[in-house]
Amino acid sequence: MNNLVQFIDLEAQQKRIYPQLEQRIKAVLSHGKYIMGPEVFELEQQLSEFIGAKHTITCASGTDALLMGLMAKGIGPGDAVFTTPFTFIATAETITLLGATPVFVDIELETFNMDPVKLEQAIEALLNMDRSKHPLPGAEYMSISPLKPKGIIGVDLFGLPANYSKINRIAQKYNMFVIEDAAQSFGASLDNHRACNLAEISATSFFPAKPLGCYGDGGAVFTNDDYLADKLRSIRIHGKGNDKYDNVRIGINGRLDTLQAAILLEKLRIFPDEIDQRNYVAQMYSEHLSGIVKTPFTPKGYSSVWAQYSILSENRGNLQKRLEENGIPTAIYYPKPLHLQTAYSFLKYENEDFPVSEYCSNHIFSLPMHPYLTDDQIFKITKIIKNNS
Ligand SMILES: *Cc1c(COP(=O)(O)O)cnc(C)c1O
């Protein structure tokens with residue numbers, strides 16, 4: 001049957017700001033500066049203000065934002081970068097693209113984010129080559145290339161920041177850097193600091209389905225460090241020096257389109273209101289569903305932007321089926337943790353290496369989440385779950 005509810009309702013949002021979007025797009029068509037036009041710089045300034053970060057470097061996608069961050073830190077073969085296996089492939093993929101090695105660390109069941117206790121165990125295990133302390137990439141792989149712990153990518157899964165007070169402290173202790181994968185958390189906060197400003201470098205995505213999305217691919221890197229910001233701006237445009245025909249390092253073609261910047265400028269204006277609406281929807285879901293399924297937990301001092309509202313249930317298959325029969329779409333993020341993906345079979349991780357991630361893959365699913373869900377829709381969705389639990 002047709003969906004009664006949209007999983008993410010971009011249509012309702014577009015209707016709300018259509019005349020303004022049209023005006024912005026027309027302005028770009030008339031000035032014709034499709035690459036690095038004035039809207040790109042206007043957006044960067046507004047994003048810096050919104051986040052409270054000194055520098056915003058917009059770019060072509062969240063994946064490029066992560067890649068540029070790792071390139072700015074000079075990551076390459078022989079380097080280990082710690083991250084979780086319960087994330088979108090892009091997080092680990094960028095590490096691998098640079099010839100470095102992702103070393104996976106399991107998540108906390110409560111937050112779906114990296115477990116800082118296990119992070120330190122993993123670093124110690126790697127430093128001592130002691131697999132009894134923590135699962136590591138396969139022995140055969142490691143003997144070819146002994147790994148040095150260099151960095152950590154914390155992932156703010158479903159819009160909830162990871163525990164950066166602990167992650168940053170551990171990084172400092174071992175002289176490592178931290179990149180915040182804030183692809184899902186633009187608009188969230190931790191102890192009154194915005195997500196995208198919780199580590200040395202942060203990377204976000206403006207993919208249409210993210211909390212703040214454009215009408216294509218887009219992303220941004222944030223930092224408070226002047227040196228890194230310069231380097232990131234150079235990497236974004238083919239490692240440019242004075243201009244793009246003066247190349248001082250290896251970079252990428254990583255620019256954000258002017259048209260996407262124009263669209264984001266209008267979406268950013270309504271974003272604070274949309275954050276409130278997202279929180280309202282999440283609160284309603286949790287009120288109706290607590291005690292029936294395992295609802296998301298937001299620790300004290302944290303706020304989520306609810307990129308996804310994800311619940312755990314032993315009865316997932318049946319609940320998804322009942323919801324679908326009633327025109328309610330759901331999704332599973334993520335059906336297979338990264339250490340079990342074919343692409344990462346070369347790391348020789350095994351089943352049960354990361355039991356919390358594996359448990360979540362088998363029991364999690366996400367409900368429709370967007371600022372335009374009505375009380376009636378929320379009531380209908382939660383009623384179906386109640387009646388079938
Ligand atoms: C979406 C996402 C990315 C990649 O962003 P793109 O803009 O799609 O390249 C990276 N990490 C996480 C956690 C994501 O959800």
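Visitor: What should I know before I start?

Guide: The model is predicted, so to speak: local features need pLDDT of at least 70, side-chain atom pairs count only at pLDDT 80 or more, and totals for chains, interfaces and linings use all residues. Residues are numbered from 1 along each chain as its sequence is written, and side-chain values use heavy atoms, with hydrogens and water left out.

Visitor: In what order do the strands of the open sheet stand?

Guide: In general, strands of a sheet pair through backbone hydrogen bonds, either parallel or antiparallel. Here seven strands follow the order S1-S9-S8-S5-S4-S2-S3, with mixed pairing. Strands (E, at least two residues) and helices (H or I, at least four) are DSSP runs, numbered from the N terminus; two strands pair if DSSP finds at least two bridges between them. At the edges are S1 (55-59) and S3 (101-104), each pairing on one side only.

Visitor: How many bridges join S1 to S9?

Guide: Five, and the two strands run antiparallel. Thr-56 stands opposite Phe-222 in S9.

Visitor: Which strands does helix H7 lie across?

Guide: H7 (residues 164-173) lies across S4 and S5, at about 150 degrees to S5. Axes are lines fitted to C-alpha atoms, for helices over the stretch in contact, and angles run from 0 to 180 degrees between N-to-C directions; contact means heavy atoms within 4.5 Å.

Visitor: Which residues of helix H4 are buried?

Guide: Buried means under 20% relative accessible area, exposed over 50%, partly exposed in between (1.4 Å probe, protein chains only). In H4 (residues 89-97) they are Ala-90, Thr-91, Ala-92, Thr-94 and Ile-95, and they pack against H3, S2, S3, S4 and S5. Just after H4, Gly-99 takes a positive phi of about 85 degrees.

Visitor: Which residues are closest to the centre of the largest pocket?

Guide: Rolling a probe the size of a water molecule over the atoms shows where empty space is left. A pocket is an open set of points on a 1 Å grid over the protein atoms alone, where a 1.4 Å probe fits, with protein on both sides within 12 Å along at least five of seven lines; lining residues have an atom within 4 Å of a point. Of the 22 lining residues, Phe-88, Gln-184, Ser-205, Phe-207 and Lys-210 are closest to the centre. H3 gives the most to the lining, with three residues.

Visitor: Where is Ala-209?

Guide: Ala-209 sits in the loop between S8 and S9 and is partly exposed, at 31% relative accessible area.
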